[in-house]
Amino acid sequence: LQLLRSPVRAISNKPAAAPTGKATPIPADVVVVGAGISGLSTALELGRGGANVTLIDMSSVYGGHAVMSQGGTSIVGTPLQKAEGIADSPELAFRDFVNWGDDVNTEWVRYYVENSKRDIYDWLLETGVRFHEVATAPGNTVHRDHQPIGRGIGLVTPIYRCCLELNNIQFVWNTKAEKLLVENEKVVGVLARNLRTNTEKEIHARAVVLTT
């Protein structure tokens with residue numbers, strides 16, 4: 001999420017212009033494909049940065065698979081861990097993740113363990129997510145699997161509500177991204193099909209983020 005913040009301002013100055021000779025597109029700076037927790041988080045950060053975001057999803061509701069999950073999130077060095085007497089640290093988490101992970105990218109692991117408290121725990125609390133316990137999970141030598149109140153739906157719903165508070169984020173439901181639109185070797189949007197009406201439309205944007 002931190003990595004999104006700088007590019008947001010660079011792409012949000014003005015919407016993409018509609019190309020001549022084509023159907024009028026929905027104006028957007030960014031099209032996000034997929035309204036699960038990844039897509040909602042992306043849309044929220046972009047929207048807060050000032051971008052006009054169009055988020056499309058095949059379903060008629062938000063949340064994707066995340067709303068059906070337990071919602072547990074692996075976070076390192078949180079106040080909740082300390083309150084439960086759990087001694088965790090980035091160094092310990094790094095060893096756990098490297099020892100138990102497959103195809104480990106050590107640079108990414110290092111970033112994750114050092115920043116998960118700020119980028120995940122603090123960020124989720126700010127949206128309204130609340131955690132009620134820390135559980136164990138395979139590969140972890142200490143409890144660091146944070147369980148949200150309400151499980152998956154309790155993890156995703158506050159993020160969705162924050163998106164609804166921003167007028168520059170619009171949702172397009174029951175809509176499938178059929179293909180990327182490419183002009184001059186650059187992705188300029190998506191061809192989207194409404195699954196209920198079976199009609200297609202082009203949604204043009206200066207950037208496309210796939211979170212499916």
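Tyr62, Tyr160, Phe171 and Trp173 form one aromatic cluster in this predicted model. Rings of Phe, Tyr and Trp (its six-membered ring) pair if their centres lie within 6.5 Å; planes under 30 degrees apart are stacked, over 60 edge-to-face, and the rest tilted. Across the whole structure, 8 aromatic pairs are found. The ring centres of Tyr62 and Tyr160 are 4.1 Å apart and the planes meet at 10 degrees, so this pair is stacked. Tyr62 belongs to the loop between β2 (53-56) and β3 (73-74) and Tyr160 to helix α6 (residues 151-164), so the pair ties together parts 98 residues apart in sequence. Helices (H or I, at least four residues) and strands (E, at least two) are DSSP runs, numbered from the N terminus. Tyr62 and Tyr160 are both buried, that is, under 20% relative accessible area, where exposed means over 50% and partly exposed in between (1.4 Å probe, protein chains only).

Phe97 and Tyr112 make an edge-to-face pair, with 6.2 Å between centres and 65 degrees between planes. Tyr112 is partly exposed, at a relative accessible area of 22%.

An open sheet of 3 strands is antiparallel, in the order β7-β8-β9; strands pair if DSSP finds at least two bridges between them. At its edges, β7 (175-183) and β9 (200-204) each pair on one side only. Between β7 and β8 (residues 186-194) there are 8 bridges, and Leu180 has Val190 in β8 as its bridge partner.

Residues are numbered from 1 along each chain as its sequence is written. Local features need pLDDT of at least 70, side-chain atom pairs count only at pLDDT 80 or more, and totals for chains, interfaces and linings use all residues, while side-chain values use heavy atoms, leaving out hydrogens and water.
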